[in-house]
Amino acid sequence: MKVVPGIDPARVPKHVACVMDGNGRWAQQRGLKRTDGHAAGEEALLQSIYAAQDVGVEWLTVYAFSTENWKRPISEVRFLMRLNEMILIRRLDELNERGIRIRFLGRQDHRVPGRLLREFNRAAEVTKDNKSLTLTFAFNYGGRAELIDAMKRMIDDGVSSSSIDEKQVRRYLYHPDMPDPDLVVRTSGEYRISNFLLWELAYSELVFTDVLWPDFSADHLYDAIRTFQERDRRFGKINTSGLKPRRARAKVAATT
Ligand code: IPE
Ligand code: IPE
Ligand code: MG
């Protein structure tokens, strides 16, 4: 595992989720087409995957296409479908060799082209036994859609209302084994969730950066992890150590 200055290896977030935003603005700033911005985002994605893996992140979830993104012009939607298909085709061997497990998170409905779904399913099958980072593509994903799908399946299964609790709801999410994100990073200076992982984000730390996604690099990810490590995650409790979080950490660091 790579040692990165300023990052405590013992407290690396287990699950990082990224809202990869700002491709269109990146392209517009350069007089390019919005789709050129999406294409440029591929390199930022790969860099982020490898940077996360190097520092010991176990789960990385990237928001690649939302249930609301269908409202974009058809030409842009088609480009995004094709781009994701090509990324899976181009990068599968390299990701697999690095021990990365690939998964799809979202609705596999008729609007997603069959050839793209086939690539997602192939990537998931080929990499299913990999034990390093789990890379989840949130594609045709909406947090509300995930909860609606969960509710429908619970009703179809005859789950009784008295047995519904947090554990039960989790069983009906798309990937029940996926831990909640510890850290969510959103690029492009937008301060919103945009229907990402609504159930799972309940206690995630949120980090926002003005960097546009195609410019996002390993260093930006490491900055976000450093910010995460400065946060005091209380989960509704109170800090009982009597030390301010920074001092508490300095003490831990001094003894390790
Ligand atoms: C993110 O970049 C990519 C997707 C939503 C698929 P955008 O395309 O949203 O870029 P901006 O926000 O318009 O700059
Ligand atoms: C969120 O970005 C979705 C993805 C990054 C895939 P959007 O650009 O679609 O979000 P809004 O519309 O600005 O909220
Ligand atoms: Mg956007």
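Reader: Is His38 buried or exposed?
Author: Keep in mind that this is a predicted model. His38 sits in helix H2. Buried means under 20% relative accessible area. The value for His38 is 7%, so His38 counts as buried.

Reader: Which side chain makes a polar contact with the side chain of His38?
Author: Let's start with the neighbours: His38 touches Asn23, Arg72, Glu76, Phe79, Leu80 and Leu83, leaving out residues up to four places away in sequence. A polar contact needs a pair of N or O atoms within 3.5 Å. At 2.8 Å, the partner of the His38 side chain is the side chain of Glu76.

Reader: What span does helix H2 reach from its first C-alpha to its last?
Author: H2 has 22 residues, and 1.5 Å a residue is the rule for the expected value, 32 Å. Just after H2 comes Gly56, with a positive phi of about 100 degrees. The span that H2 reaches is close to the expected one, at 32 Å.

Reader: How many residues does helix H3 have?
Author: Helix H3 runs over residues 74-97. From first C-alpha to last, H3 reaches 35 Å, close to the expected 34 Å. The count for H3 is 24 residues.

Reader: Where does H3 bend?
Author: The bend in H3 comes to about 55 degrees. The residue in question is also on the list of buried residues of H3, along with others including Leu88 and Leu92. The bend is at Arg91.

Reader: Is Arg78 buried or exposed?
Author: Arg78 is found in helix H3. Arg78 and Val112 are 34 residues apart in sequence, and their C-alpha atoms are 9.8 Å apart in space. Exposed means over 50% relative accessible area. Arg78 is at 58%, so the word for Arg78 is exposed.

Reader: Which residue with a positive phi follows H3?
Author: Its phi is near 80 degrees. Most residues other than glycine have a negative phi. The residue that follows H3 here is Gly99.

Reader: What is the phi of Asn140 near?
Author: Asn140 is found in strand S4. With 1% relative accessibility, Asn140 counts as buried. Its phi is positive although Asn140 is a residue other than glycine, and the value is near 50 degrees.

Reader: Where does Phe235 lie?
Author: Phe235 is another residue other than glycine with a positive phi, near 50 degrees. At 43% relative accessibility, Phe235 counts as partly exposed. Phe235 lies in the loop between helix H7 and helix H8.

Reader: Which residue's side chain makes a polar contact with the side chain of Glu205?
Author: Glu205 lies in strand S6 and is buried, with a relative accessible area of 14%. Beyond four places in sequence, Glu205 is in contact with Asp182, Leu183, Val184, Phe228, Arg231 and Arg233. At 3.1 Å, the polar contact of the Glu205 side chain is with Arg231.

Reader: Which residues does Pro176 contact, leaving aside neighbours within four places in sequence?
Author: Pro176 is found in the loop between helix H6 and strand S5. Its relative accessible area is 38%, so Pro176 counts as partly exposed. Its contacts are Arg170 and Arg171.

Reader: How many helices and strands does the protein come to?
Author: Along the sequence the pattern reads β-α-α-β-α-β-α-β-α-α-β-β-α-α. The totals are 8 helices and 6 strands.

Reader: What is the radius of gyration of the protein?
Author: For 256 residues the globule rule gives 18 Å. The protein's own value is close to that, so it is as compact as a globular protein of that length. That radius of gyration is 19 Å.

Reader: What percentage of the residues in the protein is buried?
Author: The exposed surface comes to about 13400 Å², with carbon and sulfur atoms supplying 52% of it. As for residues, there are 256 in the protein, and the buried share is 50%.

Technical notes: Residues numbered from 1 in each chain as written. Chains lettered and ligands numbered in written order. Predicted model: local features only at pLDDT ≥ 70, side-chain atom pairs only at ≥ 80, totals over all residues. Heavy atoms only, no water. Helix = DSSP H or I, 4+ residues; strand = E, 2+ residues; numbered from the N terminus. Expected span 1.5 Å × (residues − 1). Bend = angle between axes of the 7 residues up to and from the residue. Buried < 20%, exposed > 50% of the residue type's maximum accessible area, 1.4 Å probe, protein only. Rg over C-alpha atoms; globule rule 2.2 N^0.38 Å. Areas by Shrake-Rupley, 256 points an atom, 1.4 Å probe, with all protein chains shown as cover. Polar contact = N/O pair within 3.5 Å; in protein donor to acceptor, adjacent residues only side chain to side chain. Contact = heavy atoms within 4.5 Å.
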